[in-house]
Amino acid sequence: MRSARELGVSSESLRGWVRQAGIDRGEGPAGVLTTAEREELVRLRRKVREQEQTIEVLGKAIAFFAQQKTK
């Protein structure tokens, strides 16, 4: 692809960008995530992971203080 060469990228990269732009405009197949949806999914997964870590730490703290209370 001449355009890809002019941009200094591979033709496959350019094809992917064009395909994703179509998806972002609502022209993609059903069930395919837009760029904004993918970014939100990454953000939400990160938040879940952080909350799971917080819950784990709090669980350990509860166990520690419960043990201290019985001594």
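## A buried threonine in a loop

At 19% relative accessibility, Thr-34 counts as buried, because the cut-off for that label is under 20% relative accessible area. This comes from a predicted model, so please read each value here as computed from that model. Thr-34 sits in the loop that runs between H2 and H3.

Which residues does Thr-34 contact, once its neighbours within four places in sequence are left aside? The partners are Gln-20, Ile-23 and Asp-24. Of these, Gln-20 and Ile-23 are among the buried residues of H2.

## The overall picture

Let's step back to the whole chain. The protein contains 3 helices and 0 strands, and reading along the sequence gives the pattern α-α-α. Its radius of gyration is 23 Å, whereas a compact globule of 71 residues would have one near 11 Å. The C-alpha trace tells its own story, spanning about 75 × 30 × 10 Å along the principal axes.

Buried residues account for 10% of the 71 residues in the protein. The exposed surface comes to about 6,300 Å², and carbon and sulfur atoms supply 57% of that area. On the charge side, there are 14 positive and 10 negative side chains. The centres of those two sets lie 6 Å apart.

## Helix H2 and its cover

H2 takes in residues 11-24, which makes 14 residues. From its first C-alpha to its last, H2 reaches 20 Å, close to the 20 Å expected at 1.5 Å a residue. Just after H2 comes Gly-26, with a positive phi of about 85°.

Which residues of H2 are buried? They are Leu-14, Gly-16, Gln-20, Gly-22 and Ile-23. The cover over the buried residues of H2 includes helix H1 (2-7) and helix H3 (35-69).

Is Val-32 buried or partly exposed? With a relative accessible area of 31%, Val-32 is partly exposed, because that value falls between the 20% and 50% cut-offs.

Setting aside neighbours within four places in sequence, Val-32 is in contact with Ile-23 and Glu-37. Val-32 and Leu-44 are 12 residues apart in sequence, and their C-alpha atoms are 18 Å apart in space.

## Arg-38 on helix H3

Moving into helix H3, we find Arg-38. Its relative accessibility is 44%, which counts as partly exposed. Not counting residues up to four places away in sequence, Arg-38 touches Gln-20 and Leu-33.

How far apart in space are Arg-38 and Val-48, C-alpha to C-alpha? The distance is 15 Å, for a separation of 10 residues in sequence.

Terms used: Residues are numbered from 1 along each chain as its sequence is written. This is a predicted model: local features need pLDDT of at least 70, side-chain atom pairs count only at pLDDT 80 or more; totals for chains, interfaces and linings use all residues. Side-chain values use heavy atoms; hydrogens and water are left out. Helices (H or I, at least four residues) and strands (E, at least two) are DSSP runs, numbered from the N terminus. The radius of gyration is taken over C-alpha atoms; the globule rule is 2.2 Å times the number of residues to the power 0.38. Buried means under 20% relative accessible area, exposed over 50%, partly exposed in between (1.4 Å probe, protein chains only). Accessible areas come from the Shrake-Rupley method with a 1.4 Å probe; for residues, only the protein chains shown count as cover. Lys and Arg count as positive and Asp and Glu as negative; His and the chain ends are not counted. The place of a charge is taken as NZ of Lys, CZ of Arg, CG of Asp or CD of Glu. The expected span of a helix is 1.5 Å times one less than its number of residues. Contact means heavy atoms within 4.5 Å.
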